[in-house]
Amino acid sequence: MKKSQQRIRLASVSAILLASLVGCATVGATQSPDATPSTTADGSAPTMTEVDSVGPRALLAHDGGLTLLDTESGDAVATVDRPGFLRLNDAGDGRHIVISDGDQFLIYDAGILAEAHGDHAHYYEGIPGLTDIAIGAPKAGHVVTHDDHTTLFADGTGIAVTVKSHDIADRDATFMEHDTGNAHHGVAVQLRDGTMLSTAGTSEGRTTVQAFRDHKMIASTDACPGVHGEAVAADEAAVFGCEDGPVIWRDDAFHKVTAADAYARTGNVAAHPDSAVVLGDYKTIAGAEAEHPTRVVLIDTLTASQTIVELGSAYWFRSLARGPEGEALILTGDGSLRIVDPVTAQQVAAVPAISAWTEPEEWQQPGPVLKVVDGFAYLTDPATDELVVIDLERQSVVERWSIPAGTGELAVVTGSAGEH
């Protein structure tokens with residue numbers, strides 16, 4: 001790819017919609033009768049009322065729409081009727097959720113805010129629901145948050161846009177655009193020093209990961225066939241999944257991990273900011289319509305090596321997460337939440353959590369989802385239509401709440417950014 005095909009520029013949300021993300025919904029267009037304004041008539045932010053405390057809220061996408069659940073009481077706080085498959089993504093500010101909805105990204109306000117103030121915090125509540133912001137993006141795809149920046153990728157154009165996470169619901173926010181050159185199912189992430197890492201490819205295939213700084217390409221690797229999935233570990237080391245061993249960005253260079261098998265696909269990875277080890281899935285059957293892996297990998301970003309861990313039970317791409325101390329978490333088909341030490345690669349616990357399950361035939365169909373926020377694991381159980389909450393310190397289930405049938409997506413926020 002020629003350098004001239006890469007461009008980064010600053011633009012307002014409206015300019016992005018009109019000039020770069022091509023003919024989709026406009027910012028400010030109300031998406032449903034339940035939409036919550038992102039600003040009031042005078043341009044100010046919606047009213048938030050100070051309260052004694054706020055608890056985590058879980059947004060669930062299910063057949064027919066969205067439901068916001070109070071995870072401390074189990075009560076449904078708000079509902080939105082909306083057809084179609086809606087993919088939920090962390091917005092990075094602890095309050096909003098980005099929804100991948102066809103050819104646009106929508107912004108959902110969970111209606112809670114926690115602001116640190118010296119040795120204490122102030123808590124606020126507002127009206128939850130879809131905001132009136134929609135960011136046009138043909139084939140809206142992955143959303144990546146890192147270091148108070150949120151990057152949205154449009155598969156239909158190959159264009160990524162990045163915004164300060166705390167400005168995600170501000171209609172006057174400044175977005176940075178990064179054009180990867182061709183439409184493809186890709187991903188991009190901005191590191192703390194301003195380096196932009198992004199995939200490159202076409203709808204027929206992708207093998208390339210590139211690094212840009214100050215609008216110029218500084219490094220590139222084509223050693224990542226089928227590149228999919230990214231995560232940023234300790235010391236800003238980034239891992240990208242490939243079909244023959246991951247690629248690691250560290251110390252301004254790409255490093256290839258040698259896999260134990262000729263075909264060794266890692267396409268989903270989970271990192272912790274204090275751990276040099278990244279958790280990844282591991283598939284070894286090329287061209288399989290469905291593979292039910294029982295092994296995961298622990299990728300060491302310091303040595304560019306990986307260790308295979310046998311779990312004895314299958315899992316799927318929504319099964320991976322990291323705990324508050326960096327522990328590797330995997331939800332397996334026997335209904336257990338496995339806890340693995342990322343340094344020793346030893347399983348330290350298996351917490352019975354949900355019903356036994358098998359991976360659905362289509363990934364969009366309801367299946368269990370694992371999310372971790374502030375020391376608690378949140379899991380959906382499609383067999384019982386429950387949200388299960390696990391205290392990771394106690395390694396035990398503390399709540400089970402009823403959720404709508406057909407739930408297939410989950411996002412959890414606490415009101416404050418930086419939770420893990």
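Reader: Why is Asp235 called exposed in this structure?

Author: In this predicted model, Asp235 has a relative accessible area of 72%. Exposed means over 50%, so Asp235 is called exposed.

Reader: Where does Asp235 lie?

Author: Asp235 lies in the loop between strand 20 (230–232) and strand 21 (238–240).

Reader: What makes the phi of Asp235 worth a remark?

Author: Most residues other than glycine have a negative phi. Asp235 is not a glycine, yet its phi is positive, at about 60°.

Reader: Why is Asp148 called partly exposed?

Author: The relative accessible area of Asp148 is 29%. Buried means under 20% and exposed means over 50%, with partly exposed in between. The value for Asp148 falls in between, so the residue is called partly exposed.

Reader: What is the phi of Asp148, and where is its place in the chain?

Author: Asp148 has a positive phi, near 60°, and is a residue other than glycine. Its place is in the loop between strand 12 (140–146) and strand 13 (149–154).

Reader: How many helices and strands does the chain have?

Author: There is one helix, and there are 36 strands.

Reader: What share of the residues in the chain is buried?

Author: Of the 420 residues in the chain, 58% are buried. Each of these has a relative accessible area under 20%, because that is the cut-off for the word.

Reader: What is the accessible surface of the chain, and what part of it belongs to carbon and sulfur atoms?

Author: The accessible surface of the chain is about 17000 Å², and 47% of it belongs to carbon and sulfur atoms.

Terms used. Residues numbered from 1 in each chain as written. Predicted model: local features only at pLDDT ≥ 70, side-chain atom pairs only at ≥ 80, totals over all residues. Heavy atoms only, no water. Helix = DSSP H or I, 4+ residues; strand = E, 2+ residues; numbered from the N terminus. Buried < 20%, exposed > 50% of the residue type's maximum accessible area, 1.4 Å probe, protein only. Areas by Shrake-Rupley, 256 points an atom, 1.4 Å probe, with all protein chains shown as cover.
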